[in-house]
Amino acid sequence: MGRCFTRRFGRACILLAGVLTLYQSVDAGSPNSGPGQQIIDPPVALSKDWKRLRTNDVNVVGNASEGELRTALKQIEDFRAGLVALFPGIKMTSRRATTMVVLKDFNTFRNFQPRDERGRRRENVGGYFTTTPTMNYMVLGAFGDRDATLEVVFHEYTHFILQQNFRSLPLWVNEGTADFYSTFRSNYKDGKSLVGTPPTGRLATLRDRGVMSLDRILTNEGSSTAYRDPDTVHLFYAQSWAFVHYLQLGNNGKRRGQISAYLAALDQGMPIEQAFFAAFGVTLAQMQNELGLYVRQPILQAFLFSPKIATADVATLAVDRLTQSDAAYVQADLLLQMGATEDAERLLTNVLAIDPSHVGAKIALARVRGRQDRRDEAIAALEGLTAANPATFSAQLYLAGMLRAARRYEAAMRAAERAVALDRESTYAWYELNLSALASGRDKEANEALAQIIARDSSPAWYQSQTYDAYALGRDEAVVRSATAYIRSAGQGNEASPYVGYAAALATMRLGRQAEAAAVLKKIEESTPLGSWQSLIAQFLQGQFSGEKLLDKAKSDGERTEAHAYIGVLNAIQGKQADALVHLRWVKERGVKGYVEYRMAIAELERLEAAKAR
């Protein structure tokens, strides 16, 4: 289910340089110049196949043909224009630059497929959208079923646009809206655009299985449970799409705009059923009947419209050839984002051999060094960069993170403050300030920074991340606060909530509040399917069976990582240091590094070994 939560803040930044000046004069006093001579540097080497098209909001780069790059840019520009036409006033311009990467064939695309927790490629991915502190990437190939690929990219891009315009959305609205616009097609007929055609398999799923109870998808807990369960996740997607489709296009358009009224009612604090009736004028049962009849219609209508929004004249835009160094850097940055650290390192080394002054490559290589536990090298490189270029936001941001990891908290706070000063709207910069303050015991400043984050992005994921970061820092009260806020916001049934709850329970045990920890674990056990791995962990942590039995139940490397981590941490809390070290060292040597439990185990191991050394 993709629980690599710690990767959220291990993200790359990209500083796409412009085309470099081809010729540069040097001083006449150069050792190689005679009187009156001027030495001309050789032309900057250009990439043979990597090119770029640029507009104000979107850049397209890649090794696909010029025609494919223009086609991709036209499609995303039309999509953006379509959203603006349908939602006048919607905010489309991002503070982070957006780059679409178009790759010429599957062999090239495969190099940039996302990796799983063990660094293996996710082979079933044909296109994706990912974001870093300074860049949004859309990645797709110029091969195969283009409509299917665009469906994935448009779905994820819609999520991003929604996040820019709404502080918080129910899961069914978020997923249903992204699905609704994922099948957008421009120039469908006489220059018009089309939205609302069903994504592949959605109607078939609904007609085969029928609609689930609306009260299940409307609540955070109900929708998250359905979203997590392999047996119901496809039905959840299908019904979320169908409900949004009905509210947008069904009933002769009479319900259009009612989603906004529903969200406004929720924001006012109305209970779900009351907000539902206020917005839609019917009960849940009545809407359930309407939706059931709607999806059984032989044909569902789509919406054909003319955007009438000016877009860039893609056909006349100049195509730049990237320099060899910039082309290699773009690829390295994306590989680093996908978790392919070694591949990224090779390319970055090449970039700096070609262009030793490439700032983006220097920052990215410092991040590589950090992942390789060569933190002193990374810090030295970033300190040199920030001294020479103090206005480089990403260098200040990553320096703050490296210093915090090295437990140089005061220096980390100063670097984070400089990053905030450079970009006060960056939630990433505020989060670094939050963690450095938390590590320094400056709770007031930490809470103020967290409030700045939530004011800009109310996603529960910030609380989730802080839960584990606070755990690594040994700030148990902050662990409990963050975990409680996450579960309250995301719902007890959210797939991550049990794991956040385990961290809270362990922190509460360490604080000596055993009854409180037991209540947290009991609630997790009751909210997870009987016999599920999540319920087994909760039962173990309550003392219902031994660690050996939990290990016997573990069926994968990921589950074994979790089991050893939780056994080791619980032993440490109970004062069984020798037993704890055995399990925690197993995680360090053999565990899946992408799991949050790996971080928890390493933090616990470092605390035990430090205490032993004293």
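A charge is said to sit over a ring if NZ of Lys or CZ of Arg is within 6 Å of the ring centre and within 35 degrees of the ring normal. The charged end of Arg-607 meets this description over the ring of Tyr-471, 5.5 Å from its centre. Arg-256, likewise, lies over the face of Phe-303, at 5.7 Å from the ring centre.

The model is predicted, and local features need pLDDT of at least 70, side-chain atom pairs count only at pLDDT 80 or more, while totals for chains, interfaces and linings use all residues. Residues are numbered from 1 along each chain as its sequence is written, and side-chain values use heavy atoms, with hydrogens and water left out.

The sheet may be considered next. Strands of a sheet pair through backbone hydrogen bonds, either parallel or antiparallel. Here, strands (E, at least two residues) and helices (H or I, at least four) are DSSP runs numbered from the N terminus, and two strands pair if DSSP finds at least two bridges between them. An open sheet of six strands shows the order 4-5-3-2-1-9, with mixed pairing. Its edges are strand 4 (127–131) and strand 9 (320–323), each of which pairs on one side only. Strand 1 (residues 46–54) and strand 2 (residues 58–62) run antiparallel and are joined by four bridges; Lys-51 has Gly-62 in strand 2 as its bridge partner. Helix 3 packs on the sheet and touches strand 4 and strand 5, contact meaning heavy atoms within 4.5 Å. The direction of helix 3 makes about 165° with that of strand 5; axes are lines fitted to C-alpha atoms, for helices over the stretch in contact, and angles run from 0 to 180 degrees between N-to-C directions.

Aromatic rings form a further theme. Rings of Phe, Tyr and Trp (its six-membered ring) pair if their centres lie within 6.5 Å; planes under 30 degrees apart count as stacked, over 60 as edge-to-face and the rest as tilted. The whole structure contains 26 aromatic pairs. Phe-109 belongs to helix 2 (residues 106–111), whereas Phe-143 lies in the loop between strand 5 (135–141) and helix 3 (146–165), 34 residues apart. Phe-109 counts as buried because its relative accessibility is 1%, while Phe-143, at 27%, counts as partly exposed; buried means under 20% relative accessible area, exposed over 50%, and partly exposed in between (1.4 Å probe, protein chains only).

Trp-172 and Phe-243 form a stacked pair, 4.7 Å centre to centre with 25° between the planes. Trp-172 lies in helix 4 (residues 171–182) and Phe-243 in helix 8 (residues 233–249), so this pair ties together parts that are 71 residues apart in sequence. Both residues, Trp-172 and Phe-243, are buried.
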